[in-house]
Amino acid sequence: MGHPVTTNPFIIMLINMTVVFVVLYGLSLLIRLIHVIDPTKNAEEHAEAAAVPAAMPAAPVVDNSAVVAVIAAAVAAYGCSEANIVTIRPAGSPVWTNTGRLSGIQNTVN
Amino acid sequence: MEVWNAFIVSIASVWADSGFTGFTIGNAIMIVVGCVLLWLAFAKEFEPLLLAPIAFGCIMANFPKTGFFEDPGVMLAIHYGITNEIFPPLIFLGVGAMTDFGPLIANPSTILMGAAAQIGVFISLAGAMLLGFDVKEAASIGIIGGADGPTAIYLTIKLAPHLLGAIAVAAYSYMSLVPLIQPPVMKLFTTKKEREVVMEQLRPVSKFERIVFPVVCTIVISLLLPPVASLIGMLMLGNLFRESGVTDRLSDTSQNSLINIVTIFLATGTGMTMSAHDFLNAKTLEIIVLGLIAFIGGTAGGVWFGKIMYWISGGKVNPLIGSAGVSAVPMAARVSQIVGQKFKPGNFLLMHAMGPNVAGVIGTAVAAGTMLAMLS
């Protein structure tokens, strides 16, 4: 092992924090650059746009009346009338949201 | 009579070779410490997967005359894996395979919170030098604030190997105590209004971005800081296994079997460094206190940078996610989520906190690499 460049803790702090910030800021710029040059970006957007109309016709086929009745009863149990219910729609379920919900439920239960 | 004499001589020989003749009060104290750690692991469930092997290693390290580190065998092999920087990069391989970099890629500005949280490392470094530790020892103590066990072991082995036991134990102990240490600091430095900020849903991240980022990150950091190339390289390799979509078996092995095996070796080996001779001294106590200061400083640094981003963004960033910048993946991000939900049920910060959390892992490795370049 050689000798340390400096033994002044404040200079070490200054140099290190500068390096850490510059490197991580550089990475954030690279992440933005990767997003800009991403050749699949437009293709995925088109694929998502195309997928939505295809899924639409399937929705009316499902009979959700029982689910709606149960939700309406649950809401009514909290003192609201059915007139207060404007719409009932399925929530989007990305993985992170589900994880957050599960975490919230566990915290409540525990 | 001859039989009796032979019996007495044999018994005396067994006694002379037994561990009891070399057993000290210090060994007894450390065995009690090991038992308390076992109790915390099993009864209180404080990170049992880490604490249980550390505790048992601590108990085993205090049996005299075992020759663990002199004679070839499994204990020497485990010790070799720790002292030759084999286990920390393998742990990083598993961490990379388990971690979703998507939130960081979707919101790259949160990466700076991971940088700000490294301030705890250097507050503790300065404190250690004021207490009389030399600069290499102080750097090893300070890295506890990175809340990254493998990096702490990696740096300590290179700069101050004689402090490995105390530093590894402090690092892993505080990592397991993240849910107790961080919330008071987070509440102290934020207002109710800031804690209730609901952040916007992140954009979807394409497969191209998920694959290119680890490759680019490895190239940039390895060229800039070669001493930590193995840590960053293995982290990113594990993530590539996860994201490529065609290496599921490698990803599965990295994030399950392999990381579990290496954790057993690394944690047991860490515990094995806790012999009374090396551990029972005033320096250990100072290291544990300095480690706590580093942890609190890092949490405060991340939260304060979160507040700066809150002001700059016009109230769109919840400063609570800044505390996740201290690494400890994914525990620190979960703490941001839990604290955020306490003040606003239905507020899901977990995904947003994963950005600074991942950045904290990279930031701690960069800080370690910079200190290695400056001090070794």
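## Two crossing helices in chain B

In this predicted model, the axes of α8(B) and of helix α18 (residues 282-312) of chain B come within 7 Å and cross at roughly 145 degrees, where axes are lines fitted to C-alpha atoms, for helices over the stretch in contact, and angles run from 0 to 180 degrees between N-to-C directions. Helices (H or I, at least four residues) are DSSP runs, numbered from the N terminus.

Residues of α8(B), including B:Gly120, B:Ser124 and B:Ala128, meet residues of α18(B), among them B:Leu290, B:Ala294 and B:Gly298; contact means that the C-beta atoms, placed from the backbone, lie within 7 Å. By class, this contact has nine nonpolar, seven polar and no charged residues, with Ala, Val, Leu, Ile, Met, Phe, Trp, Tyr, Cys and Pro counted as nonpolar, Asp, Glu, Lys and Arg as charged, and the others, Gly among them, as polar.

## Where chain B touches chain A

In chain B, 43 residues are in contact with 38 residues of chain A. The elements that give two or more residues to this side of chain B include α8 (119-130) and α14 (207-224), while α20(B) gives the most, with eleven residues. By class, this side of chain B has 31 nonpolar, nine polar and three charged residues.

## Confidence and numbering

Because the model is predicted, local features need pLDDT of at least 70 and side-chain atom pairs count only at pLDDT 80 or more, whereas totals for chains, interfaces and linings use all residues. Residues are numbered from 1 along each chain as its sequence is written, and chains are lettered from A and ligands numbered from 1 in the order in which they are written.

Notes:
Contact = placed C-beta atoms within 7 Å.
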